[in-house]
Amino acid sequence: MGTAGDSEKKPTVVFVLGGPGSGKGTQCANIVEHFGYTHLSAGDLLRAEIKSGSENGTMIQNMIKEGKIVPSEVTIKLLQKAMQDSGNDKFLIDGFPRNEENRAAFEAVTKIEPAFVLFFDCPEEEMERRILSRNQGREDDNIETIRKRFKVFLESSLPVVEYYDSKGKVQKVDAAKPIDEVFEVVKAIFTPKDEKVAV
Ligand SMILES: Nc1ncnc2c1ncn2[C@@H]1O[C@H](COP(=O)(O)OP(=O)(O)O)[C@@H](O)[C@H]1O
Ligand SMILES: Nc1ccn([C@@H]2O[C@H](COP(=O)(O)OP(=O)(O)O)[C@@H](O)[C@H]2O)c(=O)n1
Ligand SMILES: [Mg+2]
């Protein structure tokens with residue numbers, strides 16, 4: 001039971017970060033297939049919350065359309081519920097934390113520190129090309145909102161990556177390469193070290 005100092009094991013969490021269109025969702029799907037993680041996309045959870053007709057739906061929809069970051073209280077509740085419902089203990093948290101408020105609140109509420117941060121590094125022009133041909137019918141995949149999302153990424157999300165980098169927790173991947181080449185690099189990061197080499 002949840003008493004202080006008990007032996008309940010905290011789940012393993014990997015934060016998957018990178019600009020809009022850098023390939024987070026695509027690579028998470030590959031990681032799930034090979035390494036048994038549960039993929040939780042903060043953006044997908046927020047879009048599902050809009051569809052469910054929740055009382056926060058209109059607020060979330062307006063913020064996504066403007067490329068703004070939804071208050072962490074909302075997003076963290078959705079992440080916590082999805083973690084509980086999954087029955088798993090290994091999670092890829094994709095697109096979260098996206099700003100300092102997300103980061104600090106998640107740590108305070110869950111007491112979970114990420115095992116590491118997987119960061120997809122991709123030039124803006126490539127991310128823009130990918131988003132404009134994504135064709136998922138997303139209301140934020142238009143050039144006007146994309147520009148706003150890039151600005152938010154540079155101003156609010158990159159500092160979170162830098163924070164974890166200063167703690168030695170960032171695994172940076174060149175995400176501009178083709179999908180299978182990116183996954184080769186990702187695979188090596190997730191493969192336990194004792195399986196990589198026999199000395
Ligand atoms: N390495 C890649 N090279 C080319 N296209 C990619 C690559 N990775 C993803 N894509 C495509 O780019 C679009 C955005 O990828 P997605 O995984 O949704 O990115 P994110 O979740 O970071 O926004 C999708 O249409 C996807 O198929
Ligand atoms: N932690 C998060 C993640 C996403 N979001 C919102 O959801 C939008 C889409 O996020 P996403 O992760 O699905 O987008 P991509 O990076 O996959 O293109 C963001 O632009 C934000 O408006 C948020 O508010 N807070
Ligand atoms: Mg995504």
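Reader: At roughly what angle do the axes of H2 and helix H4 cross?

Author: This is a predicted model, and the value is computed from its atoms. Helix H4 spans residues 72-86, and its axis and that of H2 come within 10 Å. The axes of H2 and H4 cross at roughly 100°.

Reader: Are H2 and H4 roughly parallel or roughly perpendicular to each other?

Author: Angles of 65 to 115 degrees count as roughly perpendicular, and the axes of H2 and H4 cross at roughly 100°. The two helices, H2 and H4, are therefore roughly perpendicular.

Reader: How are H2 and H3 oriented to each other, oblique or roughly antiparallel?

Author: The axes of helix H2 (residues 42-51) and helix H3 (residues 57-65) come within 8 Å and cross at roughly 135°. Angles count as roughly antiparallel when they are over 145 degrees. The crossing of H2 and H3 is left-handed, and their orientation is therefore oblique.

Reader: Which residues of H3 does H2 meet?

Author: The residues that H2 brings to this contact are Leu46, Arg47, Glu49 and Ile50. The contact of H2 with H3 holds four nonpolar, two polar and two charged residues.

Reader: Which element gives the most to the lining of the largest pocket?

Author: The largest pocket has a volume of about 940 Å³, and among the 48 residues that line it, Lys24, Arg98, Arg134, Arg138 and Arg149 are the closest to its centre. Its lining residues divide into 18 nonpolar, 17 polar and 13 charged. Several elements each supply at least two residues of the lining, including strand S1 (12-18), helix H1 (24-35) and helix H7 (143-166). With five residues, the element that gives the most is H2.

Reader: Is the peptide bond from phenylalanine 96 to proline 97 cis or trans?

Author: Proline 97 lies in the loop between strand S3 (90-94) and helix H5 (100-110). With omega near -5°, the peptide bond from phenylalanine 96 to proline 97 is cis.

Reader: What is the phi of lysine 111?

Author: Lysine 111 sits in the loop between H5 and strand S4 (116-121). Although lysine 111 is not a glycine, its phi is positive, at about 60°.

Note on methods
Residues are numbered from 1 along each chain as its sequence is written. Chains are lettered from A and ligands numbered from 1 in the order in which they are written. This is a predicted model: local features need pLDDT of at least 70, side-chain atom pairs count only at pLDDT 80 or more; totals for chains, interfaces and linings use all residues. Side-chain values use heavy atoms; hydrogens and water are left out. Axes are lines fitted to C-alpha atoms, for helices over the stretch in contact, and angles run from 0 to 180 degrees between N-to-C directions. Helices (H or I, at least four residues) and strands (E, at least two) are DSSP runs, numbered from the N terminus. Angles under 35 degrees count as roughly parallel, over 145 as roughly antiparallel, 65 to 115 as roughly perpendicular and the rest as oblique. A crossing is left-handed if the near helix is turned anticlockwise from the far one by less than a right angle, and right-handed if clockwise. Contact means heavy atoms within 4.5 Å. Ala, Val, Leu, Ile, Met, Phe, Trp, Tyr, Cys and Pro count as nonpolar, Asp, Glu, Lys and Arg as charged, and the others, Gly among them, as polar. On a 1 Å grid over the protein atoms alone, a cavity is a set of points where a 1.4 Å probe fits but cannot get out, and a pocket is an open set with protein on both sides within 12 Å along at least five of seven lines; lining residues have an atom within 4 Å of a point. Grid points are joined across faces, edges and corners, and a volume is the space filled by probe spheres set on the points.
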